[in-house]
Amino acid sequence: MTKTAIIIGASRGIGLGLAQEFAGRGWQVVATARGAAPELEAAGAASAGKITIETVDIDHKDSVAALDSALGDTKFDLVFVNAGTYGPRHGSTDEVTPDEIAALMMTNAVAPIRTARTLLPRVADGGTIALMTSVLGSVALNTHGTMDLYRASKASLNTISRGFFVHDIGKRDITLLNLHPGWVKTAMGGDGADIDVATSVAGLATVVETRHGKAHRYLDYTGKELAW
Ligand SMILES: NC(=O)c1ccc[n+]([C@@H]2O[C@H](COP(=O)([O-])OP(=O)(O)OC[C@H]3O[C@@H](n4cnc5c(N)ncnc54)[C@H](OP(=O)(O)O)[C@@H]3O)[C@@H](O)[C@H]2O)c1
């Protein structure tokens with residue numbers, strides 16, 4: 001049977017690549033954007049119906065509720081919340097304003113879990129919820145410091161996702177994956193990053209397709225287990 005996925009935050013970068021990768025593997029994909037998304041629209045037009053597009057800004061509960069109702073009775077084998085932001089470029093705890101830190105924590109830590117919770121009833125038994133975190137969210141692997149605000153937002157996502165796994169997923173047969181995509185050449189990762197989008201999303205899709213089982217795992221795009 002055809003597998004179904006929803007990729008949240010697919011207008012560009014890794015999210016767009018994920019939509020194309022899963023469609024290329026035969027999945028039926030709903031890909032979301034916040035507004036006009038010409039790259040995603042072109043990918044949808046070229047996908048022979050494998051990619052359809054919906055709208056959501058995960059920061060706003062009413063927007064997530066509108067997405068949920070637009071999805072009708074669609075069920076998914078995969079809900080992938082990819083949307084994220086770097087936050088203020090200065091990355092400094094000395095310089096950050098209350099509005100900047102609130103916006104960063106909302107988009108990277110709180111809103112992904114709220115979105116996953118809203119979509120949880122749509123996840124088929126044996127399915128997967130994937131959250132795009134970062135190796136920078138690991139406390140154990142943080143030997144360098146720097147990028148403190150972004151690190152804190154992804155560490156918070158990691159922490160809150162454990163509560164989601166225990167209390168919301170509970171006894172259901174659903175895999176929860178916190179995934180690090182590698183350091184990827186995108187608007188966020190920059191031109192000097194290690195790998196291109198195609199390499200990252202091919203690895204991530206293989207991880208999703210192969211790492212089943214009722215567990216909450218923190219993995220990179222090669223399937224390597226990361227220390228929390
Ligand atoms: N690139 C890397 O090296 C790297 C490394 C580790 C982790 N990550 C994580 O991977 C994910 C994708 O990163 P990327 O490099 O592809 O970044 P990107 O090119 O900046 O793309 C970010 C995506 O998230 C969407 N988004 C941001 N805020 C949103 C919101 N409130 N609601 C809905 N969508 C929202 C953006 O939509 P708009 O087009 O509307 O802005 C865009 O589609 C992020 O979670 C990022 O933290 C990236």
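This is a predicted model: local features need pLDDT of at least 70, side-chain atom pairs count only at pLDDT 80 or more; totals for chains, interfaces and linings use all residues.
**The ligand and its shell**

Let's start with the ligand itself. Around the ligand there are 28 residues, and those that come nearest are Ser11, Arg34, Tyr150, Val184 and Thr186. Sorted by class, this shell has 11 nonpolar, 12 polar and five charged residues. Two helices, H1 (13-24) and H5 (148-169), each supply at least two residues of the shell.

The table sets them out.

| Protein atom | Ligand atom | Distance |
|---|---|---|
| Asp57, polar side-chain atom | nitrogen | 2.9 Å |
| Ile58, polar backbone atom | nitrogen | 3.0 Å |
| Val184, backbone N or O atom | oxygen | 2.7 Å |

Val184, whose backbone N or O atom lies 2.7 Å from a ligand oxygen, is also one of the residues that come nearest to the ligand. How much of the ligand does the protein bury? Taken alone, the ligand exposes 900 Å², and the protein buries 92% of that.

**The pocket around it**

Now for the space itself. The ligand takes up the largest pocket, which contains about 1000 Å³ of space. Its lining is made of 42 residues, with Gly84, Thr85, Tyr150, Thr186 and Met188 lying nearest the centre.

Which elements build the lining? H1, strand E2 (28-33), helix H4 (98-119) and H5 each supply at least two residues. The largest share, three residues, comes from H1. By class, the lining of this pocket has 18 nonpolar, 17 polar and seven charged residues.

Terms used. Residues are numbered from 1 along each chain as its sequence is written. Side-chain values use heavy atoms; hydrogens and water are left out. A residue is near a molecule or strand if one of its heavy atoms lies within 4 Å of it. A polar contact is a pair of N or O atoms within 3.5 Å; within protein, one must be able to donate a hydrogen and the other to accept it, and residues adjacent in sequence count only if both atoms are side-chain atoms. Accessible areas come from the Shrake-Rupley method with a 1.4 Å probe; for residues, only the protein chains shown count as cover. On a 1 Å grid over the protein atoms alone, a cavity is a set of points where a 1.4 Å probe fits but cannot get out, and a pocket is an open set with protein on both sides within 12 Å along at least five of seven lines; lining residues have an atom within 4 Å of a point. A molecule sits in a cavity or pocket if more than half of its atoms lie within 2 Å of its grid points. Helices (H or I, at least four residues) and strands (E, at least two) are DSSP runs, numbered from the N terminus. Ala, Val, Leu, Ile, Met, Phe, Trp, Tyr, Cys and Pro count as nonpolar, Asp, Glu, Lys and Arg as charged, and the others, Gly among them, as polar. Grid points are joined across faces, edges and corners, and a volume is the space filled by probe spheres set on the points.
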